[in-house]
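I opened my notebook to see how this chain holds itself together. Here is what I looked up, entry by entry.

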Amino acid sequence: MVSANREMVVYCFDTLVAHYNSEQPPPPSFDDGQHPLFVTWKKVVNGGEPRLRGCIGTLEARGLINGFRDYALTSALRDRRFPPIQAKELPSLECTVSILTDYESDLHYLDWEHAQQRILCNDPFESLCFRYQVGKHGMIIEFTDPDYNTRRSATYLPEVAAHEGWTQTEAIDSLIRKAGYNGAITESLRKRIKLTRYQSTLFTMHYSEYVAYVKTTRGASPSLAGVAKPSNH
């Protein structure tokens with residue numbers, strides 16, 4: 001099974017930096033393949049909790065190279081929930097890539113778990129980054145809106161419910177709202193949900209770690225006009 005790894009995050013940063021420089025990114029250092037994937041950008045300010053700046057991906061299999069290139073930019077620049085990420089924000093960003101696997105469909109709305117295991121990196125280039133081996137589930141819900149008789153759907157990646165500290169029912173209710181339903185959430189509605197669960201692996205890296213990796217492996221830090229190079233942290 002293909003797992004999310006450092007080179008995939010590096011490629012996402014390479015793609016975003018190249019966009020701001022009006023260049024093409026260097027070729028990636030990972031093998032291509034077909035998998036569902038997501039790219040998530042968060043902003044870290046003054047050592048605080050990372051705040052979401054964009055997260056977009058696909059629940060259907062996509063070529064990894066083209067997929068990470070496309071969604072690195074789409075999630076950074078075209079997530080409608082947020083203004084586009086500006087070049088000056090790069091030193092404060094961290095990027096997470098997710099590869100989704102093991103889809104199981106037509107399940108009861110509570111037939112999923114959200115525990116996860118955090119695995120620290122032991123590679124010299126990864127001293128301040130980490131990856132999650134998410135041993136449990138993300139979920140996709142589909143249901144018919146009883147008020148408008150339209151189909152609605154939404155998903156949360158495996159780490160979301162655990163990070164928010166939700167119970168399973170709270171997570172499902174939040175997904176129902178995310179899908180755009182504004183009516184009363186009843187047990188009858190929950191039981192009509194068609195749930196698909198899946199698993200994933202993730203890899204996260206901060207921009208400063210990306211810069212250190214590029215400097216070590218390529219001999220020079222990435223350049224970006226008007227953006228100061230980050231200090232070590």
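**Entry 1, the cores.** I began with the largest nonpolar core, which has 36 residues; F13, W41, F68, V97 and Y210 touch the most other members. By nonpolar core I mean a set of buried Ala, Val, Leu, Ile, Met, Phe, Trp, Tyr and Cys residues joined through side-chain atoms within 4.5 Å. For burial I used relative accessible area: buried is under 20%, exposed is over 50%, and partly exposed is in between (1.4 Å probe, protein chains only). At least two residues of this core come from each of helix 1, strand 1 (34–43), helix 2 (64–77), strand 3, strand 7 and helix 6. I took helices (H or I, at least four residues) and strands (E, at least two) as DSSP runs, numbered from the N terminus. Another core, of 18 residues, lies apart from it and includes L107, M139, Y156 and A171.

A note on the source: this is a predicted model, in which local features need pLDDT of at least 70 and side-chain atom pairs count only at pLDDT 80 or more, while totals for chains, interfaces and linings use all residues. Residues are numbered from 1 along each chain as its sequence is written, and side-chain values use heavy atoms, with hydrogens and water left out.

Which residues does F68 touch, not counting residues up to four places away in sequence? I found M8, Y11, C12, F30, L37, F38, V39, V97, S98 and I99, with contact meaning heavy atoms within 4.5 Å.

I paired rings of Phe, Tyr and Trp (its six-membered ring) if their centres lie within 6.5 Å; planes under 30 degrees apart count as stacked, over 60 as edge-to-face and the rest as tilted. The count came to 9 aromatic pairs. F13 and Y210 are stacked, because their ring centres are 4.9 Å apart and their planes are at 20°. F13 sits in helix 1 and Y210 in helix 6, so this pair ties together parts that are 197 residues apart in sequence. F13 is buried at 0% relative accessibility, and Y210 is buried at 1%. Y156 and W166 make a tilted pair, 5.4 Å centre to centre with 40° between the planes. Y156 belongs to strand 6 (residues 151–156), and W166 to the loop between helix 3 (158–164) and helix 4. I also noted one aromatic cluster, formed by F13, W41, Y207 and Y210.

Strand 7 (residues 194–206) has 11 of its 13 residues buried. It pairs with strand 3 (residues 93–107) in the antiparallel sense over 10 bridges; strands pair if DSSP finds at least two bridges between them. Opposite T201 in strand 7 stands I99.

How many salt bridges does the structure hold? I counted 14, each a side-chain nitrogen of Lys or Arg within 4 Å of a carboxyl oxygen of Asp or Glu. D14 meets R218, with the closest N and O atoms 2.7 Å apart. D14 lies in helix 1 (residues 6–20) and R218 in helix 6 (residues 207–218), so the pair ties together parts 204 residues apart in sequence. D14 is buried at 5% relative accessibility, whereas R218 is partly exposed at 43%. R6 and E7 also form a salt bridge (2.6 Å, N to O), and both are buried.

In helix 4 (residues 168–178), I marked A171, I172, D173, S174, L175 and I176 as buried. G180 follows this helix, with a positive phi near 105°.
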